Amino acid sequence: MTLTENLFENLRLELRRGCLTLAVLAQLRQEHYGYTLRKALAKRGLEIDESTLYPLLRRLEAQGLLTSEWREEDKRNKRFYRLSSDGQAIFAQLFEEWQAINAAIHLTIDNIQ
Amino acid sequence: MELLDRYLQAVKKHLPWERQDDIVAELRANLEAQLEDKEAELGRPLTAGEAEEWLKQIGPPIQVAARYMPQQYLIGPALFPTYWFVLRLAVFWVTVAYSIGVAVQIAVRTPSLTAALEGVLRVPEVLLTTAASVTLIFAVIEFLATRYPGRWPLPVARSADWTPSTLPPVDKEAVSGQKPRSYAHAVAEAIFGFLALVWLLLVPDHPYLLMGPGAAYMQGSPFQLAPVWVPIYWWVVGLNVLQLGWRAVDLLRGSWRGPRSAQRNTVQALGLIPLLLLLNVRDHAWVVLSHPAMDQARYGAALDGINKGIYLGASILCALAVLQLVWEIGRMGLNVYRKRAAAMR
């Protein structure tokens, strides 16, 4: 990997980090377990590695933004996650923030062009 | 699948024991569901090679397990600037204290070049111990702040209380540092340098120019300066000539405006040589008796006291001169580095 590619990769990861959290919170307004959540996000164009998504779910749960429960489905025990009430409030605020940033970036780019 | 079991077992080994079963159970459910999907898509079980490729894509077990752990730092980014600041201060002041301590110890105990060399060779050990101690203290602060944030908040969290009005005034050097020296200043330096040289050359024949009324006392006293002062004197004269020559060349070439740190540091480094010569005088006899056969019994003890005093003074002076030189060279290096970094931007 060249220096420029490496720099781009680091910046891309930095940019994605916050967006992934927002996307996960958005998707978990509906209940999912890890794998179906990953598939649902991929279907909407947001690929996330297993080793990123599953620990992220744990962290968000530890922060009180998600709730989870073990349940049997298709003869297999799975851990299902959904947004907690705190998570819903935080998600609404984050979404608003993201929209404001997005709009500001678009305005800046349009102004320069 | 046996390979998946082996993979999950390897992940489990790197997880915290109180959560490992729960995490591995969840990871297994997710990976098995993914495997089923893959196999349904292919219409057959994965081959050994495909299974290996799939697990390889998920990542090495140690890295997958690490993602489940909270981010761990020995010293985190919030505390690091304070740590770095304290570390630099500690290293500097410990070096100063150690150098003075060693100089005094050498002078008081058994003054020798070997003892001085031993003192210098112990510097890395002293610096490493200082750095390790500071690092350990900050690692403990980080650990406590991470584990018990309520009871032990990070000291930097309190820095929100600071106000700009508490900042120290701007350094004079920072304001006037870039101002070039004036021609009058450079000429005055050369004139005073010349007068100082003339004064220095007159001292041997007119010692009162250096010692004042003490010269008359010295002439009538049983003591006199040892011949070792002669080469030291000429070295000092040579240094003054060099400095004066440099200033004259600067004036002739019209380059008196520029910074003169390199010249200053060279003169300072050469100035260390007479001090070192002084410290290595045989038997530490800087002052001797004019008539040793007659006066040894009466003035021997006083002579020892005088020579010990000179040695102690010269040791401290030498330690301070070395420190000052190191400091100046460090500053010069830093300035060069800053200029290069600024030019590259």
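The expected span of a helix is 1.5 Å times one less than its number of residues. Helices (H or I, at least four residues) are DSSP runs, numbered from the N terminus. The model is predicted: local features need pLDDT of at least 70, side-chain atom pairs count only at pLDDT 80 or more, and totals for chains, interfaces and linings use all residues. Residues are numbered from 1 along each chain as its sequence is written, and chains are lettered from A in the order in which they are written.

**Exercise 1.** Determine the span and the burial of helix H4 (residues 85–112) of chain A.

*Solution.* Step one: H4(A) has 28 residues and reaches 41 Å from its first C-alpha to its last, close to the expected 40 Å. Step two: a residue is buried if 20 or more other C-beta atoms, placed from the backbone, lie within 10 Å of its own. Two of the 28 residues of H4(A) are buried, so the helix lies largely in the open.

**Exercise 2.** Describe the packing of helix H1 (residues 2–13) of chain B against H2(B).

*Solution.* Step one: the axes, lines fitted to C-alpha atoms over the stretch in contact, are 10 Å apart at an angle of about 150°. Step two: H1(B) is therefore roughly antiparallel to H2(B) (over 145 degrees).

**Exercise 3.** State which residues form the contact between chains A and B.

*Solution.* Step one: chain A gives 13 residues and chain B gives 14 residues. Step two: H2(B) supplies the largest share of the chain B side, eight residues.

Methods: Two residues are in contact if their C-beta atoms, placed from the backbone, lie within 7 Å. Axes are lines fitted to C-alpha atoms, for helices over the stretch in contact, and angles run from 0 to 180 degrees between N-to-C directions. Angles under 35 degrees count as roughly parallel, over 145 as roughly antiparallel, 65 to 115 as roughly perpendicular and the rest as oblique. A residue is buried if 20 or more other C-beta atoms lie within 10 Å of its own, exposed if 12 or fewer, and partly exposed in between; C-beta atoms are placed from the backbone.
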